[in-house]
Amino acid sequence: MERVGTCSFMISEDKKVYDIAYCVHKDFWNKGYATEIAQGMIDYARSQGAEKATIFVDQENIASNRVAQKCGGVIVSENTYRKKGTDIIMKDYKYEVIL
């Protein structure tokens, strides 16, 4: 068995919203793993009675934006933030998947 990446949930206090995060090691990019991970997490959130899943994606990360879209995500907002420990301003999209 080989690890291809990692994933995690942040669950709202009322357990209705699951914020999902995933990261795939670059040796495994473009093989469908990110989509499989994200869809599995969305399916799990649905099985737990969640109403929606959210995914925050860097606006310039074309592949990860495509993953969110393939999983049914719709952009609901755009955000900017300062990357921790730097002066770099990052831009991301917030996707929502209604479950």
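**Figure 1. Overall fold and burial.** A residue counts as buried when its relative accessible area is under 20%. By that cut-off, 30% of the 99 residues of this protein are buried. The model is predicted. Two helices and five strands make up its secondary structure. Along the sequence they follow the pattern β-β-α-β-α-β-β. Among contacts between residues at least 6 apart in sequence, 54% join residues at least 24 apart.

**Figure 2. Dimensions and surface of the protein.** The C-alpha trace spans about 40 × 35 × 25 Å along its principal axes. The radius of gyration is 14 Å, which agrees with the value near 13 Å for a compact globule, because a chain of 99 residues would have that value as such a globule. The protein exposes about 7,000 Å². Carbon and sulfur atoms supply 51% of that area.

**Figure 3. The largest pocket and its centre.** The volume of this pocket is about 580 Å³. Its lining counts 24 residues. Closest to the centre are Tyr22, Ala34, Asn61, Ala63 and Ser64.

**Figure 4. Elements and residue classes in the lining of the largest pocket.** S2 gives the most, with six residues. By class, 14 lining residues are nonpolar. Five are polar and five are charged.

Figure 5. Is the residue buried or exposed? Lysine 15 has a relative accessible area of 53% and is therefore exposed, as the cut-off for exposed is over 50%.

**Figure 6. Asparagine 30 in the loop between S2 and H1.** Asparagine 30 lies in the loop that joins S2 to H1. Phi is positive here too, at about 65°, although asparagine 30 is not a glycine. The relative accessibility of asparagine 30 is 79%, so the residue counts as exposed.

Terms used. Residues are numbered from 1 along each chain as its sequence is written. This is a predicted model: local features need pLDDT of at least 70, side-chain atom pairs count only at pLDDT 80 or more; totals for chains, interfaces and linings use all residues. Side-chain values use heavy atoms; hydrogens and water are left out. On a 1 Å grid over the protein atoms alone, a cavity is a set of points where a 1.4 Å probe fits but cannot get out, and a pocket is an open set with protein on both sides within 12 Å along at least five of seven lines; lining residues have an atom within 4 Å of a point. Grid points are joined across faces, edges and corners, and a volume is the space filled by probe spheres set on the points. Helices (H or I, at least four residues) and strands (E, at least two) are DSSP runs, numbered from the N terminus. Ala, Val, Leu, Ile, Met, Phe, Trp, Tyr, Cys and Pro count as nonpolar, Asp, Glu, Lys and Arg as charged, and the others, Gly among them, as polar. The radius of gyration is taken over C-alpha atoms; the globule rule is 2.2 Å times the number of residues to the power 0.38. Buried means under 20% relative accessible area, exposed over 50%, partly exposed in between (1.4 Å probe, protein chains only). Contact means heavy atoms within 4.5 Å. Accessible areas come from the Shrake-Rupley method with a 1.4 Å probe; for residues, only the protein chains shown count as cover.
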